[in-house]
Amino acid sequence: MTRSRQCTRKLRVGILTMLCLTVCVNATIAQQPTAPQVTEGRKLPLKEQLTLGLKATTKDDKAFIDKVVLKVEQGVLPRPLVDSTFLW
């Protein structure tokens, strides 16, 4: 496999992993009592949003989040796509 295909495959696996983590987090949140949502206020930077929202604790989780943030900053991965996947 070429290096480009390996990178593309790793990115796809990473996005799929993020989707799976998001589903797990949403399932956990759905089981907890809901609090009123605040629509205005301070917005977190992407790295904090993903780290806190996905409850990243391991070194690998944090490394993956760093890669996602880097891809967003480089313009490779659109921020609206990351946000919509995170919220989904």
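What percentage of the 88 residues of the protein count as buried? The points below start with that and then move to the helices.

1. Overall make-up. This is a predicted model. In the protein, 20% of the 88 residues count as buried. The protein has four helices and zero strands, and from the N terminus on its elements run α-α-α-α.

2. The core. The largest nonpolar core holds 13 residues. Those that touch the most other members are Met18, Leu46, Leu50, Val68 and Val82. At least two core residues come from each of α2 (46-53), α3 (59-74) and α4 (79-87). Helix α3 gives the most, with five residues.

3. How α2 lies against α4. Two packed helices are described by the angle between their axes and the distance between the axes. For α2 and α4, the axes come within 12 Å and cross at roughly 20 degrees. Angles under 35 degrees count as roughly parallel, so α2 is roughly parallel to α4. The crossing of α2 past α4 is left-handed.

4. What α2 and α4 bring to their contact. On the α2 side are Leu46, Gln49, Leu50 and Gly53, and they meet Arg79, Val82, Asp83 and Phe86 in α4. Sorted by class, this contact of α2 with α4 has four nonpolar, two polar and two charged residues.

5. How α2 lies against α3. Here the axes come within 10 Å and cross at roughly 150 degrees. Since angles over 145 degrees count as roughly antiparallel, α2 and α3 are therefore roughly antiparallel to each other. Helix α2 passes α3 in a right-handed crossing.

6. What α2 and α3 bring to their contact. Helix α2 contributes Leu46, Lys47, Leu50 and Thr51, while α3 contributes Ile65, Asp66, Val68, Val69 and Val72. By class, the contact of α2 with α3 has six nonpolar, one polar and two charged residues.

7. Leu46. Leu46 is one of the core residues that touch the most other members. It takes part in the contact of α2 with α4, and Leu46 also takes part in the contact of α2 with α3. Leaving out residues up to four places away in sequence, Leu46 touches Val69, Val72, Arg79, Val82 and Asp83.

8. Arg79. Arg79 is in helix α4. Is Arg79 buried, partly exposed or exposed? Its relative accessible area is 31%, so Arg79 is partly exposed. Arg79 and Leu46 are 33 residues apart along the chain, and their C-alpha atoms are separated by 8.7 Å. With residues up to four places away in sequence not counted, Arg79 touches Leu44, Leu46, Gln49 and Val72.

9. Lys55. Where is Lys55 found? Lys55 is in the loop between α2 and α3. Most residues other than glycine have a negative phi. For Lys55, phi is near 55 degrees, a positive value in a residue other than glycine. Lys55 counts as exposed because its relative accessibility is 54%, and the cut-off for exposed is over 50%.

Methods: Residues are numbered from 1 along each chain as its sequence is written. This is a predicted model: local features need pLDDT of at least 70, side-chain atom pairs count only at pLDDT 80 or more; totals for chains, interfaces and linings use all residues. Side-chain values use heavy atoms; hydrogens and water are left out. A nonpolar core is a set of buried Ala, Val, Leu, Ile, Met, Phe, Trp, Tyr and Cys residues joined through side-chain atoms within 4.5 Å. Buried means under 20% relative accessible area, exposed over 50%, partly exposed in between (1.4 Å probe, protein chains only). Contact means heavy atoms within 4.5 Å. Axes are lines fitted to C-alpha atoms, for helices over the stretch in contact, and angles run from 0 to 180 degrees between N-to-C directions. Angles under 35 degrees count as roughly parallel, over 145 as roughly antiparallel, 65 to 115 as roughly perpendicular and the rest as oblique. A crossing is left-handed if the near helix is turned anticlockwise from the far one by less than a right angle, and right-handed if clockwise. Ala, Val, Leu, Ile, Met, Phe, Trp, Tyr, Cys and Pro count as nonpolar, Asp, Glu, Lys and Arg as charged, and the others, Gly among them, as polar.
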